[in-house]
Amino acid sequence: MWILAKGVHLVLRAVETLMILRALLSWIMPPDANQVTRFLYNVTEPIIEPVRRILGRFEFFRSCPIDLSFLAALLIIDLADGVIRLLF
């Protein structure tokens, strides 16, 4: 069971790293600029989009100039990782 928890931990950290790379690259180039940015968007968008839809139900998040769904997704990933490490 420990091996499975460690594997999930590594996957969550990898996704978190890809999301941070996506954020950094979004400041300097558009999402379809090259294969690297397309890859980052294709991998991370399925994680961010459901959070964006949920947060979009609230007026505050719709009117906010910053995409807080990205930060919320990072927080959810970090919380899930913490729970897994705590349990196993």
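Biologist: Where is F88 found?

Modeller: F88 is found in the segment after helix 4. The model is predicted, so local features need pLDDT of at least 70 and side-chain atom pairs count only at pLDDT 80 or more, while totals for chains, interfaces and linings use all residues. Residues are numbered from 1 along each chain as its sequence is written, and side-chain values use heavy atoms, with hydrogens and water left out.

Biologist: How do you know how many helices and strands the chain has?

Modeller: Helices are DSSP runs (H or I, at least four residues) and strands are DSSP runs of E (at least two), numbered from the N terminus. The secondary structure comes to four helices and zero strands, and the elements run α-α-α-α from the N terminus on.

Biologist: Why are helix 1 and helix 2 called roughly perpendicular to each other?

Modeller: Helix 1 (residues 2-26) and helix 2 (residues 35-55) pack at an angle of about 110°, their axes being 9 Å apart. Axes are lines fitted to C-alpha atoms, for helices over the stretch in contact, and angles run from 0 to 180 degrees between N-to-C directions. Angles under 35 degrees count as roughly parallel, over 145 as roughly antiparallel, 65 to 115 as roughly perpendicular and the rest as oblique. Helix 1 and helix 2 are therefore roughly perpendicular.

Biologist: Which residues of helix 1 make the contact with helix 2?

Modeller: With contact meaning heavy atoms within 4.5 Å, helix 1 contributes V15, L18, M19, L21, R22, L25 and S26. The residues of helix 2 include F39, Y41 and R52.

Biologist: What does Y41 touch, not counting residues up to four places away in sequence?

Modeller: Y41, which lies in helix 2, touches R22, S26, P31 and P46 on that count. Y41 and M19 are 22 residues apart in sequence and 8.5 Å apart in space, C-alpha to C-alpha.
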